[in-house]
Amino acid sequence: MSVRGVKYQGLSLRLADIGVEQSADNLRNKVNKGIMGADLLMQILYVLKARPVDAALIEEILTDFDDTKG
């Protein structure tokens, strides 16, 4: 967020643009407590354009995750 110059209110608005309703306070709490779900993390990465997110990338991430559990 800091690299992109986005504050929590701006992040909330960007998420709302893709249909994800999260208040700025709620986002701040989730980030600070480290209790964010993977789905929200992926949505945040998408709206921040941190890295291209597509189905192939998600599949790769999940495969890597499964490999570390095994």
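Predicted model: local features only at pLDDT ≥ 70, side-chain atom pairs only at ≥ 80, totals over all residues.
Residues are numbered from 1 along each chain as its sequence is written, and side-chain values use heavy atoms, with hydrogens and water left out.

Let's start with α1, which covers residues 8-17. Helices here are DSSP runs of H or I with at least four residues, numbered from the N terminus. The buried residues of α1 are Tyr8, Leu11, Ser12 and Leu15. Seen down the helix axis, these buried residues fall within an arc of 100°, so they line one face of α1. That arc is taken from the directions running from the helix axis to the C-beta atoms. Turn to the face pointing away from the buried side, and you'll find the exposed residues Leu13 and Asp17. "Buried" means under 20% relative accessible area and "exposed" means over 50%, with partly exposed in between (1.4 Å probe, protein chains only).

What do the buried residues of α1 pack against? They pack against α2 and α3. Take Ser12: at 11% relative accessibility, it counts as buried. Leaving aside neighbours within four places in sequence, Ser12 is in contact (heavy atoms within 4.5 Å) with Gln22, Ser23, Ala24 and Leu27.

Now for α3, residues 38-48, where Leu40, Met42, Ile44, Val47 and Leu48 are buried. α1 and α3 pack at an angle of about 95°, with their axes 10 Å apart. That makes α1 roughly perpendicular to α3, a label for angles of 65 to 115 degrees. The axes are lines fitted to C-alpha atoms, for helices over the stretch in contact, and angles run from 0 to 180 degrees between N-to-C directions. On the α1 side, Leu11, Arg14 and Leu15 meet Leu40, Gln43, Ile44, Val47 and Leu48 of α3.

Next, look at the loop between α1 and α2 (24-33), where Val20 lies. Is Val20 buried or exposed? At 11% relative accessibility, Val20 counts as buried. Not counting residues up to four places away in sequence, Val20 touches Leu15, Leu40 and Gln43. Val20 and Leu40 are 20 residues apart along the chain, yet their C-alpha atoms are separated by 8.6 Å.

How values were computed: Helix = DSSP H or I, 4+ residues; strand = E, 2+ residues; numbered from the N terminus. Parallel < 35°, antiparallel > 145°, perpendicular 65-115°, else oblique.
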